[in-house]
Amino acid sequence: MLTKGKVHGIIANLVIVNVYGPVSQNEICLISHDNTKLMAEVIKVSRDQAFVQVFESTRGLRVGSDVEFTGSMLEATLGPGILSRKYDGLQNDLDKLEGVFLKKGEYNFPLNEDEKWEFTPVVEAGNMVEAGSWLGEVIENWLPHKIMVPFKFSGSYNLKWIADKGFYRISEVIAVLTDESGKQYDVTMVQKWPVKLPVKAYKNKTRPFRIMETGVRVIDTLNPMTEGGTGFIPGPFGCGKTVLQHALSRQADTDMVIIAACGERANEVVEIFKEFPELIDTRTGRKLIERTTIIANTSNMPVAAREASVYTAMTIAEYYRSMGLKILLLADSTSRWAQALREMSNRMEELPGPDAFPMDLPAIISNYYSRAGYVELVNGSTGSITFIGTVSPAGGNLKEPVTESTKKAARCFYALSQQRSDSKRYPAIDPIESYSKYLEYDEVIEYISANISSHWHENVTRARDVLMRGREAHEQINILGDDGVPIDYHIRFWKSEVIDFVILQQDAFDKIDCVTPLERQKYMLDKVLEINDTEMKFSSFEETASWFKKVINLYKQMNYSPFESEKFNSYQKELDKMLKDISEI
Amino acid sequence: MTEKKAFQKVYTKLTRITKATCSVKATGAGYDELALVNGRLAQVVKIIGDEVTLQIFSGTEGVPTNAELIFLGRAPSLKVDDDLAGRFLNAYGEPIDGGPALSGKDREIGGPSVNPVRRMQPSQLIATGIAGIDLNNTLVTGQKIPFFADPDQPFNQVMATVALRAEADKIILGGMGLSNDDYLYYKNVFENAGALERIIAFINTTENPPVERLLVPDMTLTAAEYFAVEKREKVLVLLTDMTLYADALAIVSNRMDQIPSKDNMPGSLYSDLAKIYEKAVQFPDGGSITIIAVTSLSGGDITHAIPDNTGYITEGQLFLRRDTEIGKVIVDPFRSLSRLKQLVIGKQTREDHSQVMNSAIRLYADAANAKTKLENGFELSDYDERTLRYAREYSEKLLAIDVNIDVNTMLDTCWMLFGKFFSKEETAIKNDLVKKYWPEQPVK
């Protein structure tokens, strides 16, 4: 018997409900309003009143309206057919909604109930299985989608029966399990999971070790991300956060990309909708949309659903990770989600923490980040969720609560700098402020030595040092003047500028320069360090500047040319000659 | 406001009155519903049990506890039809131009959002003739962009210029806390341009109560949606000044005893602003809403909560600055940004647009560095000297807001300046483009 209630109070999207029976925290309820039902989530219970946040506008809602509790938390519906879809924060299929405008209280089933999938069993009846065990497989777009024992099953079960190879709808029973007491359970191709709880159906979580190639030089070369790693990109507006995230979603070496557009601009999502069906993933030759799922809860969509959107996205990522896939999850922006928490905490008149954010914000953020990671599955294969979130610090101040809480939780820090952005040095990731903790991991160093080059790690450290020394020299020049410092300072500065212009800066809108494979990055880093190692003498600082400007220009032309093409090689020759001439003086 | 129906229940006992709100024991009121309190328009902002709290738009001065309170059974709305064109209205959507009452169909303001999958990607360039905009920060239909400006800067003039040159089917002005002089300025400019039949204005001046302003953006955008959706028109919405709108939000939230967040603004400021700006959209069947707004700054501080939140919502921002070298107002190339420019640059404009724009700005930045050097008493190199001379001409011929030329002329002007002051390497432009566009005879 499900609990019923009646609306007692309304303050924007916080509704107070008098309840006549048991309710649980985070339980979903439906509020009747003008022939529709508005979905809401319990966020606080006080005596016989439940405080619920409504995922819709409450305009016109009246006291006394009927409320039905559903007995379950907000759940994601998991099964074949999620790939390429565009969902809202509550996992409604946006394409299925009619009309140009969103209608209040309109919800739909996120999968296709009529579509038949070709199911191939991968285990035989009689085997023991547990939550997350692969029972069979269907092909979704191109991806071998595993049908698993639902995550809600605890303990081990005997697989009593499994369907033969054939075509089935997602709601048809494809396996029957029995528990120790002999009780039978039907399993279909679709399962549900409460989004706020992490899926734990894996053996263990290990330290990440493999580099996830992104084609963005300042990330791959200087601050590498790993498969199963976490990172965040804070930056004031206008520093290229979104361009960078889009580049990652297009270029990252991963099986599937899930984008949670949380409280951000609708036109940015539209850009993905428009471009991804056209762009080709160079690694697989398939359209980008075929490996992407988008959860769009843009800034004008209901605020309470923002929080839901990041959890829905994570749950979908965990589902696919359990199939042994590499998932990249991007959330733009986690600050908007934190703001949604703040709005609600404020309406509930909770005692505020810093900047009026709820006190438990750091815990909420770190819990969320901890759901990413590299896991060993129950059958011994591996899967990963790499999570990169953006943070929009108020006033560009990195000391604000969301940035600080995130810094504690994430392992990579890609600091976007206003200064670099103002001088149009894109991507505006500050090479000195930013870091990747993974560069300190022995596992990662080992992987790099074995797979890229044994000098790579050392070279990266050197490049960082050159940048640091260059910055110091630049400061000295600024204080003492061009003539006030030895020419060596200028050389040191310009050597760091070469790295800045050639490695760090990258034209996201140029077809060739926008993505640089690791092999090419290695080549370019070697070349740039070669310049750095060359002893050179100039008679004046003007001469230094003009020589280096020529070098940088040639390198930029190289970056714009296809790797090892005729053009590329001719620039290379010209550069080699310049370098030879200068070292002979 | 006179609106009374027969047999409506009249409440006559207010239980609480604050500076902006009043409460009454009543049943059956809907959230967001309008009411009249002694003839003043009010809106339901909180209901707890049988106590309903209402915000009175024009303030509670002189409201007695035995005031007559009637619920109107509807949310704020605007009467929309084609006759809206050419009208000047107040924040409630009532004529202030002496013309007849509106006769269109009632439409609730602050309506639902567009389903993101039904949006089209903005793709039509809006030409303004101002190089600081067309060349460096190209605007696109369906975009939302504010001017970040100090109160002493001529943002209203620039906005009026942009509006008139932009070739929109309708220009809808939402004036919030507009001074009466500025209101008359807009009216005159539009009249003189013979554009009145394309204009609709919702005006809240400094003489009106501040809380009334809260209705203006939604009124403006409801009218915009009517013309963009039903008439498939290109609608340009001008909102000035959004800072005063946000200030009104803060007043209300303060009187509702909400805990303020940064800069005493309500914690929901981001969502409140986003709901307005996100109405900018390119519809699938041709209509579009483009929003150009003004967010006035205090002492140029963009880290204040209002410009800061705005910057995260809008698709770029435009800064005006007085260039003392040439004595004119320019569109600041460093801080201004149009996020959607990539959608049209090099696609609807010439292939060299992107590279020329970037190089021109980079060289202008070098000039700024040279200027700092000069001010610090250092000697300038020959390159520094050239950047300074270049910057002056770049500012005068391109950045100044009184320039009115087409994009190709802007690009040609840049190439001319490059040739005049720099070597090909110094521009660092792709060789293919240099070959094609480098001026053959350097201009002396």
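Which residue is the bridge partner of Lys25(B) in strand 6 of chain B? In this predicted model, that partner is Glu51(B). The pair belongs to a longer stretch of pairing. Strand 3 of chain B and strand 6 (residues 51–56) of chain B run antiparallel and share five bridges. Strand 3 of chain B also pairs with strand 2 of chain B. Strand 2 covers residues 14–17 and strand 3 covers residues 21–25. Three bridges join these two strands, again in the antiparallel sense. Here Leu14(B) has Val24(B) as its bridge partner. A hairpin of three residues links strand 2 of chain B to strand 3 of chain B.

Chain B as a whole was examined next. The chain has 444 residues, and 52% of them count as buried. Its secondary structure amounts to 12 helices and 21 strands. The C-alpha trace spans about 85 × 50 × 40 Å along its principal axes.

Three domains divide chain B. Domain 1 covers residues 10–71, domain 2 covers 79–338 and domain 3 covers 353–437. A distance of 30 Å separates the C-alpha centres of domain 1 of chain B and domain 2 of chain B. Their contact draws 10 residues from domain 1 of chain B and eight residues from domain 2 of chain B. On the domain 1 side, four of the touching residues are nonpolar, five are polar and one is charged.

Helix 7 of chain B spans residues 305–313 and is mostly covered. Nine of its nine residues are buried. Among them are Ala305(B), Ile306(B), Pro307(B) and Tyr312(B). Asp308(B), Asn309(B) and Thr310(B) are buried as well. The buried residues of helix 7 of chain B pack against both helices and strands. The helices are helix 5 (242–255) and helix 6 (269–277) of chain B. The strands are strand 13 (144–149), strand 18 (288–296) and strand 19 (316–323) of chain B.

Chain A contains an open sheet of four strands. The strand order is 12-11-9-14, and the pairing is antiparallel. Strand 12 (143–148) and strand 14 (166–169) of chain A form the edges, each pairing on one side only. Neighbouring strands of the sheet are turned by 45 degrees against each other on average, direction ignored. Within the sheet, strand 9 (residues 116–121) of chain A is joined by two bridges to strand 11 (residues 134–140) of chain A. Thr120(A), for its part, stands opposite Glu137(A) in strand 11 of chain A.

The contact between the two chains takes 62 residues from chain A and 59 residues from chain B. On chain A, strand 1 (4–11), helix 3 (266–275), helix 5 (334–347) and helix 13 (541–560) each supply at least two residues. The side of chain A that touches chain B holds 22 nonpolar, 19 polar and 21 charged residues. Strand pairing also crosses between the chains. Strand 1 of chain A pairs with strand 5 (residues 40–48) of chain B. Two bridges connect these strands, which run in the antiparallel sense. In this pairing, Ile10(A) has Ile47(B) as its bridge partner.

Definitions and conventions:
Residues are numbered from 1 along each chain as its sequence is written. Chains are lettered from A and ligands numbered from 1 in the order in which they are written. This is a predicted model: local features need pLDDT of at least 70, side-chain atom pairs count only at pLDDT 80 or more; totals for chains, interfaces and linings use all residues. Two residues are in contact if their C-beta atoms, placed from the backbone, lie within 7 Å. Ala, Val, Leu, Ile, Met, Phe, Trp, Tyr, Cys and Pro count as nonpolar, Asp, Glu, Lys and Arg as charged, and the others, Gly among them, as polar. Two strands pair if DSSP finds at least two bridges between them. Axes are lines fitted to C-alpha atoms, for helices over the stretch in contact, and angles run from 0 to 180 degrees between N-to-C directions. Domain bounds come from an automatic or database domain assignment. A residue is buried if 20 or more other C-beta atoms lie within 10 Å of its own, exposed if 12 or fewer, and partly exposed in between; C-beta atoms are placed from the backbone.
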